[in-house]
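Colleague: I would like to learn how to read salt bridges in a model such as this one, and I would be glad if you took me through them slowly.

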Amino acid sequence: MEKLTIKKLYDLDHTIAKELFLSITYPWEALSKISTYILELGATLDSDKFDKIADDIWVAKSAKIAPTASLNGPLIIDEDAEVRHCAFIRGSAIVGKNAVVGNSTELKNCILFDNVQVPHYNYVGDSIYGYKSHTGAGVIASNLKSDKSLVTVMCDGEKVETGVKKFGAMIGDFVEVGCNSVMNPGTVIGRNSNVYPLSFVRGYVEENSIYKRLGEIAEKR
């Protein structure tokens, strides 16, 4: 399914994790590799640009971290990123250049590309958000099915097996997700798409589209 591939969703020049993606085809294949990759990459980071503030935590000197934020490793926060009041980073996370992690937002086993904004009360679990993607207040990337079975992605009427149990959302570059939307396990959103507020999203959302409700594309751009 070419629509679901890394090359269709992401510009790899906009993440410090580029090398991680070069050896795989689908973005969810990166999820089991994030922690190890952070540990390997962190040890190579330029000490003139990054501080190792604790075990397995590297933070760019130019990043802004609220004193109330909770940071847990393995973790890399890239240059000029901002982590706001009471954000909770549980670990296995990469926060890209100029990204914003907002108040009371929780990150777990995820990669935020450069300029991503997850600004208010978001949950980002086992997910990858592409360059300049943005989620409104209260957006949830639900990462575990209620029956704990392996996640599949519905695309063009076909179930694509992922082989993973925890899988939140794979959001392409320049995606906008409206306030209080829930992206169910196995959600993949193509580049340049918008999701209406209060949406219930599952499966693949076509690139360059506006998603209104489950199974309905309001319009193509």
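Modeller: Let us begin with exposure, where buried means under 20% relative accessible area, exposed over 50%, and partly exposed in between (1.4 Å probe, protein chains only). By that scale D156 is exposed, its relative accessible area being 54%, while K3, at 25%, is partly exposed. This is a predicted model, in which local features need pLDDT of at least 70 and side-chain atom pairs count only at pLDDT 80 or more, whereas totals for chains, interfaces and linings use all residues. Residues are numbered from 1 along each chain as its sequence is written, and side-chain values use heavy atoms, with hydrogens and water left out.

Colleague: What does D156 form with K3?

Modeller: Side chains of opposite charge can pair when their charged atoms come close. A salt bridge is a side-chain nitrogen of Lys or Arg within 4 Å of a carboxyl oxygen of Asp or Glu, and D156 forms one with K3, the closest N and O atoms lying 2.9 Å apart. Because D156 sits in the loop between β15 (152-155) and β16 (158-161) and K3 in the segment before α1 (6-9), the pair ties together parts that are 153 residues apart in sequence. Those labels come from DSSP runs numbered from the N terminus, helices being H or I of at least four residues and strands E of at least two.

Colleague: Which residues are linked with K3 in a network of salt bridges?

Modeller: K3 is joined in that network by D156 and E206, and the structure holds 9 salt bridges.
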